[in-house]
Amino acid sequence: MSIWRIARLVAVKDLQIERRSRVITNQVLPFAGVTMVIFAFALDANTQILERVAPGLVWLATMFSLLLIVQRSFAVEAADGALDAMRVAGVDSRGIYVGKLLGIGVQLLVLEVLLLFAAVVLYGETVRVEGVVLLVTTLLSATCGLAAVGTLYGGLAAGFKGRETLLPLLTLPAVAPVMIGATRAVEAALGTADAAVADGWRWVSVLAVFAVAFGVGGALAFGPLIDE
Amino acid sequence: MSSGDETPVICLRDAVAVLGSFPALAGATLRADTGEIVLLRGPNGAGKTTLLRLCAGLLPIARGSGKVFGLDLATDRESIRPLVGLLGHQNGLYADLTVSDNVRFWGATIGATDSEVESAMACMGVGGRLRNVAVRQLSAGQKRRTALAGLLARRARLWLLDEPHAGLDAAGRDELDDTLRAAVQAGATVLVASHELERAGQLATRIVDVDAGQVRGAPQPGAGGGEA
């Protein structure tokens, strides 16, 4: 079977599991929401400061939630040896990687939209019309980058004892460039601190390069990683 | 049935497989031909599971040589895997998906048709009222049957089974034995590790002893003779 058919099969299966189990809906989304509220408390509910730092807080909450989504995505594979079974079945590891990436990416994208909505409600952030295209492009490219890194390290950590603690250790430093780029691009899209929309596009290109590099590298490295 | 002249399904010569630094297989020599049901007999820790995983292409061969369907276990592990079905201590099932979803997923990895999937489920007795039940709600025996249905849907040519009767009731054991005999008649080969010697012994066409990482005792047709 082609890589893309395998990827579609794995992604649909992952989303089906989430639809049935509702772990992301009932646990990860509330966690992300609580994180946003806690940030507000930590910054003393100062609206001016919150408006200024809202883009960064959204991506911080996204990053923490990414860890939970990736843990969950690989926990269902490890629970009854399904990842092993896929390896034995000779399922193309690049297809598995892309499929897991897509499944994680879709969940992450929904989460990001809801977190932006929460930023509007909780922090008084506003979305300007001229920044919408930049905002959507940023969400898509950052999501691809985060999902690419998360899937790669999720697969790597899945084979180790103490994977719950290993995953954040591997993932957080690697996604730092996405965090920085996405925050700057969203600031430009929302006009935070008078940032211009044009300033955001160079950060989007950084995000796109990151996503492509980790996506391609991840697809190539995933097979040997889960094999060892 | 077996013939000494044709390419053996499995041909191991002094195969060594290492788990960490421990040689779980310490020079195993074994040959299995098309249509055989070979029972691996031996105490816990003898190396039976490692032997099955080596033949599935999940473990690298550290020393010696080994071929499955004429493909080298040192260099062609990826090509061997699609030809092999391994049912180990774990079932490789997704707890949140239904029986039908699981079997369909495993069938889809090799492009099995709907009728093949239905036939596999019917054959293992999980096609009726169980088909829409989530795997997490099944008994241990029903999970085992579902996993076997997945294996059947994948049309594996070499079945590697580790304690396949575990958790099955009397009817399930009879169905499993019938399924294995039917698979063998259709051209498959079965290597089964079991402690249930009375049951598995009746099923097997040949019994070999595994002890301390080596295959002992019983005759190994063609070992030292024809090569793939």
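In strand 8 of chain B, B:Thr189, B:Leu191 and B:Ala193 point one way while B:Val190 and B:Val192 point the other, and all are buried (20 or more other C-beta atoms within 10 Å of the residue's own, C-beta atoms being placed from the backbone). Strands here are DSSP runs of E with at least two residues, helices are runs of H or I with at least four, and both are numbered from the N terminus. This is a predicted model, in which local features need pLDDT of at least 70, side-chain atom pairs count only at pLDDT 80 or more, and totals for chains, interfaces and linings use all residues. Residues are numbered from 1 along each chain as its sequence is written, with chains lettered from A and ligands numbered from 1 in the order in which they are written.

**Around strand 8**
- Strand 8 of chain B pairs in the parallel sense with strand 3 (residues 37-41) over four bridges, where pairing takes at least two DSSP bridges.
- B:Ile37 is the residue opposite B:Val190.
- Strand 7 (residues 158-162) of chain B also runs parallel to strand 8, over five bridges, and B:Leu158 has B:Thr189 as its bridge partner.
- From strand 7 the chain passes through helix 6 (residues 170-185) to strand 8 in a right-handed β-α-β crossover (clockwise from first strand over helix to second, with the strands pointing away from the viewer).

**Chain B overall**
- Chain B holds seven helices and 10 strands.
- Of its 228 residues, 50% are buried.
- The C-alpha trace spans about 50 × 35 × 35 Å along its principal axes.

Methods: Buried ≥ 20, exposed ≤ 12 C-beta atoms within 10 Å, placed from the backbone.
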